[in-house]
Amino acid sequence: MVEAQLVGLDPRVEAFLQGGPKKLFIGGDFVESVSGKTFDSVNPANAEVITAVYEADKEDVDRAVEAAERAFYGDWAKVTPSERGRLLWKLADLMDDHLEALAQLESLDNGKPVAHARAVDIPLAIDHFRYYAGWATKISGELIDSSAGRSMLTYTRREPVGVVGQIIPWNFPILMSAWKLGAALATGNAVILKTAEQTPLSALYLAGLIQQAGFPDGVVNIISGFGPTAGAAIVTHPRIRKVAFTGSTEVGKLIMQQASGNLKRVSLELGGKSPNIIFPDADFSKAIPGALMGIFFNQGQVCTAGSRLFVHKKVYDNVVADMTSHAAKMKLGPGLDESTDIGPLVSAEQFSRVSGYLHKGVEEGATPTTGGRPLEHPGYFVPPTIFTDVSDQMTIAREEIFGPVVVALPFDDEAQIADVIRRANNTEYGLAAGVWTTDVRKAHKVAHALEAGTVWVNCYNALDASVPFGGYKQSGFGREMGSAALELYTQVKAVWVNLD
Ligand code: NAI
Ligand code: MG
């Protein structure tokens with residue numbers, strides 16, 4: 001790794017990090033936790049503490065629920081759909097003004113390249129709020145001509161669910177906050193959002209913008225804390241009516257069980273081991289960079305990461321050689337260095353988890369063509385790694401690694417494609433998949449046969465606020481984004497009016 005040239009910190013980031021532990025955002029105010037406890041948020045590029053934050057636990061969740069209920073039945077209920085839309089749009093405008101500060105804070109706390117946060121994470125989050133600002137005035141029920149005939153007026157209303165809990169991971173803190181808040185607020189719910197303990201900072205900065213935008217107190221509450229304490233308190237709370245979760249499949253299962261106490265509505269966006277299939281007739285000028293970005297973007301810490309790369313045997317050697325030479329040239333460095341391609345992993349825990357998989361891969365007989373070993377350097381750096389000599393049964397070909405590690409698996413179907421599809425679908429996950437071919441018939445045939453909530457053809461990791469996103473099988477259920485997300489945050493009421 002060469003000497004880093006870090007960007008000068010935006011004065012707004014410096015100001016944000018001054019003045020002691022960052023507070024929780026509850027009832028429109030920044031407050032200390034009831035216990036007074038704090039925990040540290042760490043810079044993964046050098047393992048140094050950035051700042052402490054107050055740690056929420058059950059009592060703080062109780063306080064947030066009180067505030068959210070007060071808002072939901074009070075001031076928020078009086079806000080018109082048009083005004084809800086204006087508030088969301090205002091928030092998006094404020095985020096635009098604070099784009100650089102948000103991007104730097106995201107990079108500092110998560111480790112991701114600031115150039116990516118600036119070009120991808122924050123703009124997508126801003127777009128997301130603008131998209132749902134538009135929906136606020138378009139939530140409506142229907143008029144039904146029932147079999148009762150003219151004597152009965154029957155219609156439906158789409159009403160908010162109430163106080164909802166949202167638990168997000170650390171890989172895209174601001175973007176995940178936007179995915180969760182956008183649809184929930186457009187439809188009139190009040191929210192308690194818990195960030196991941198590894199990355200609490202940018203959402204607390206966002207809380208300041210939410211306050212400034214003028215949302216009534218208590219409509220949005222943002223708390224920092226750990227899963228088994230603050231997270232579990234949300235999931236088990238008797239007056240929270242819905243929980244939306246993004247994170248590991250393991251915790252997703254736990255949440256589904258624990259949410260049964262008051263029959264919370266549950267939506268889960270979980271892990272993946274997504275197949276990315278390169279056919280010999282692919283346009284390689286697109287497929288190679290697409291496959292590289294598909295696995296290495298965000299250090300591979302992406303739920304849709306194209307981590308099982310199926311390459312036709314006719315082109316396998318060339319594709320692997322090409323990808324290897326590109327991957328070997330990627331620049332590892334701190335996220336705050338403008339020229340960084342690959343930043344550190346988010347935490348010591350992820351570093352040891354991913355390092356463990358590298359070790360396991362070699363132990364099981366796979367060969368890294370590049371990378372393969374974590375860096376001996378302060379911070380949590382793992383180089384981009386491509387494994388060959390992999391069988392479908394190996395641990396690294398089955399389990400979600402959540403790091404910059406791809407397994408390249410040859411396949412040899414000729415005319416028919418059944419075998420590679422069977423192998424691609426042979427997983428308990430089903431979040432996403434990629435297909436690279438210039439044959440339009442093959443593209444659609446494969447897209448239809450893949451068991452995944454998203455299939456990308458001749459592209460990868462494309463996302464837009466208007467397009468539904470979510471999993472098949474154990475990658476979860478419920479769809480965020482697009483009009484589909486409105487269903488997660490509304491319930492249908494049927495009204496019967498006897499006109500006789
Ligand atoms: P995790 O699933 O434990 O954490 C995600 C969120 O859930 C965090 O906010 C955490 O505080 C919360 N949480 C944890 N336990 C909870 C509980 N019992 N009740 C309520 N909330 C709880 O993920 P972790 O441990 O950070 O990462 C482990 C693995 O999970 C990764 O290596 C990766 O494979 C996967 N993962 C997948 C993500 C995705 O986007 N689908 C995001 C993050 C992790
Ligand atoms: Mg965990």
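## Stop 1: Asn110

Select Asn110, which is placed in helix H5 (residues 99-110). Helices (H or I, at least four residues) and strands (E, at least two) are DSSP runs, numbered from the N terminus. This is a predicted model, in which local features need pLDDT of at least 70, side-chain atom pairs count only at pLDDT 80 or more, and totals for chains, interfaces and linings use all residues. Residues are numbered from 1 along each chain as its sequence is written, chains are lettered from A and ligands numbered from 1 in the order in which they are written, and side-chain values use heavy atoms, with hydrogens and water left out.

Is Asn110 buried or exposed? Asn110 is buried, because its relative accessible area is 0%. Buried means under 20% relative accessible area, exposed over 50%, and partly exposed in between (1.4 Å probe, protein chains only).

Now show what surrounds Asn110. Leaving aside neighbours within four places in sequence, Asn110 is in contact with Pro44, Trp170, Asn171, Thr199, Asn298, Gln299, Pro344, Leu345 and Val346; contact means heavy atoms within 4.5 Å. A polar atom of the Asn110 side chain lies 3.0 Å from the backbone nitrogen of Lys112. A polar contact is a pair of N or O atoms within 3.5 Å; within protein, one must be able to donate a hydrogen and the other to accept it, and residues adjacent in sequence count only if both atoms are side-chain atoms.

## Stop 2: ligand 1

Select ligand 1 and the residues around it. How many residues surround ligand 1? There are 27, and the closest are Trp170, Lys194, Glu197, Ser248 and Glu400; a residue is near a molecule if one of its heavy atoms lies within 4 Å of it.

- Lys194 has a polar side-chain atom 2.8 Å from an oxygen atom of ligand 1.
- Asn171 has a polar side-chain atom 3.4 Å from an oxygen atom of ligand 1.
- Arg353 has a polar side-chain atom 3.5 Å from an oxygen atom of ligand 1.

Trp170 and Asn171 were also among the contacts of Asn110.

## Stop 3: Ile223

Go to Ile223 in strand E9 (residues 220-223). Ile223 counts as buried because its relative accessibility is 0%. Not counting residues up to four places away in sequence, Ile223 touches Leu24, Ile26, Ala56, Val61, Ile192, Leu193, Lys194, Thr195, Ala230 and Ile234.

## Stop 4: helix H11

Select helix H11 (residues 284-296), which has 13 residues. From first C-alpha to last, H11 reaches 18 Å, close to the 18 Å expected at 1.5 Å a residue; the expected span is 1.5 Å times one less than the number of residues. Buried residues in H11 are Ala287, Ile288, Gly290, Ala291, Leu292, Gly294, Ile295 and Phe296. Their cover includes strand E12 (275-278), E13, helix H12 (313-329), strand E15 (385-388), E16 and strand E17 (432-436). Just after H11, Asn298 takes a positive phi of about 60°.

## Stop 5: the seven-stranded sheet

Which strands make up the open sheet of 7, and in what order? The order is E14-E15-E16-E13-E12-E17-E18, with mixed pairing. Two strands pair if DSSP finds at least two bridges between them. Strand E14 (367-370) and strand E18 (454-457) are the edges, each pairing on one side only.

Step through the sheet from E14. E14 and E15 pair in the antiparallel sense over 3 bridges, and Thr370 has Ile386 in E15 as its bridge partner. E15 and E16 run parallel and are joined by 3 bridges. Strand E13 (residues 308-312) runs parallel to strand E16 (residues 405-411), with 5 bridges between them; Leu309 stands opposite Ala408 in E16.

Show the side chains of E15. Thr385 and Phe387 point one way, Ile386 and Thr388 the other, and all are buried.

## Stop 6: Asp389

Finish in the loop between E15 and helix H14 (395-398), where Asp389 is found. Phi of Asp389 is near 55°, a positive value in a residue other than glycine. Most residues other than glycine have a negative phi. Asp389 counts as partly exposed because its relative accessibility is 48%.
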